[in-house]
Amino acid sequence: MKNIRIEDIEIQVIKKSIKNMYISVHKPDGWVRITAPKKMKDEDIWKFAVSKLGWIKKQRAKYQNLEIQPQKEYVTGEKHYFQGRAYLLNVIYTNKKQKVEIHNNQMDLYIREDSTREQREKVMIEWYRSKLKEEIPKLIDKWEQVMGVKVNSFGVKLMKTKWGTCNTAAKRIWINLELAKKNPKCLEYIVVHEMVHLLERYHNKRFYAFMDQYLPDWKEIREELKSIGSLA
């Protein structure tokens with residue numbers, strides 16, 4: 001079936017060897033895709049799309065209304081996030097250890113006076129990384145006991161398209177550095193998601209049954225991650 005158009009919305013239609021029909025809205029501009037079973041009638045796909053029109057418009061609005069974030073300059077007065085809270089950056093020049101500290105609603109960045117934007121960014125990134133590395137082992141330990149699985153190692157890195165990944169053979173998980181800026185429950189959701197892959201490799205009914213069992217509100221947390229304009 002070719003793409004379909006409802007009102008002014010073009011919808012990409014893909015047919016696969018699956019049992020159920022799925023609809024998704026994607027960044028950057030809210031393009032829409034329906035994935036349907038190969039034997040699904042075109043008429044039924046059309047009806048499904050029409051039934052989801054309100055939801056489609058709501059999701060598209062989230063992406064289309066997102067503000068384009070300017071590049072951070074790491075100067076006093078900028079807004080930066082940590083664990084879901086906004087802080088005003090306060091740059092403090094020092095010849096001692098370069099570091100980041102939080103006091104009430106302020107984030108102090110101790111940096112060399114002649115530092116470049118990239119050097120300031122590096123200090124911030126390493127601080128975010130260290131904070132995640134403090135929290136992730138606690139979550140892994142907690143959920144290993146609940147799930148009965150073992151994570152051999154974990155890492156933190158910047159990822160453009162994923163919040164986390166899992167190498168099931170090596171039993172190693174990677175967590176997106178950006179999660180240091182999000183609500184802690186978002187970090188826990190991603191850790192649980194990746195650890196569930198040690199029980200079920202694929203995103204199938206069994207996988208989502210585990211998610212429902214271990215983290216009943218995971219869908220709401222996922223929507224929160226989507227709604228704040230980050231990764232899908």
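1. The secondary structure of the chain amounts to 6 helices and 11 strands, where helices (H or I, at least four residues) and strands (E, at least two) are DSSP runs numbered from the N terminus. This is a predicted model, in which local features need pLDDT of at least 70 and side-chain atom pairs count only at pLDDT 80 or more, while totals for chains, interfaces and linings use all residues. Residues are numbered from 1 along each chain as its sequence is written, and side-chain values use heavy atoms, with hydrogens and water left out.

2. The C-alpha trace of the chain spans about 70 × 45 × 25 Å along its principal axes. Of its 232 residues, 38% count as buried, that is, under 20% relative accessible area with a 1.4 Å probe and protein chains only. Among contacts (heavy atoms within 4.5 Å) between residues at least 6 apart in sequence, 44% join residues at least 24 apart.

3. The axes of helix α3 (residues 117–147) and helix α4 (residues 184–196) come within 10 Å and cross at roughly 50 degrees; axes are lines fitted to C-alpha atoms over the stretch in contact, and angles run from 0 to 180 degrees between N-to-C directions. That angle makes α3 oblique to α4, since angles under 35 degrees count as roughly parallel, over 145 as roughly antiparallel, 65 to 115 as roughly perpendicular and the rest as oblique. On the α3 side the contact includes L132, I136 and W143, and on the α4 side it includes L187, V191 and M195. Its residues divide into 11 nonpolar, no polar and 4 charged, with Ala, Val, Leu, Ile, Met, Phe, Trp, Tyr, Cys and Pro counted as nonpolar, Asp, Glu, Lys and Arg as charged, and the others, Gly among them, as polar.

4. Helices α4 and α5 pack at an angle of about 140 degrees, with their axes 10 Å apart, which makes α4 oblique to α5. Y189, V192, H193 and V196 of α4 meet F207, F210, M211 and Y214 of α5, and by class this contact has 7 nonpolar, 1 polar and no charged residues.

5. The largest nonpolar core has 44 residues, and M107 and L109 have the most contacts inside it; such a core is a set of buried Ala, Val, Leu, Ile, Met, Phe, Trp, Tyr and Cys residues joined through side-chain atoms within 4.5 Å. Elements giving two or more residues to this core include β8 (106–111), α4 and α5 (205–214), while α3 provides the largest share, 10 residues. A second, separate core of 16 residues includes I23, A36, F48 and A49.

Definitions and conventions: Buried means under 20% relative accessible area, exposed over 50%, partly exposed in between (1.4 Å probe, protein chains only).
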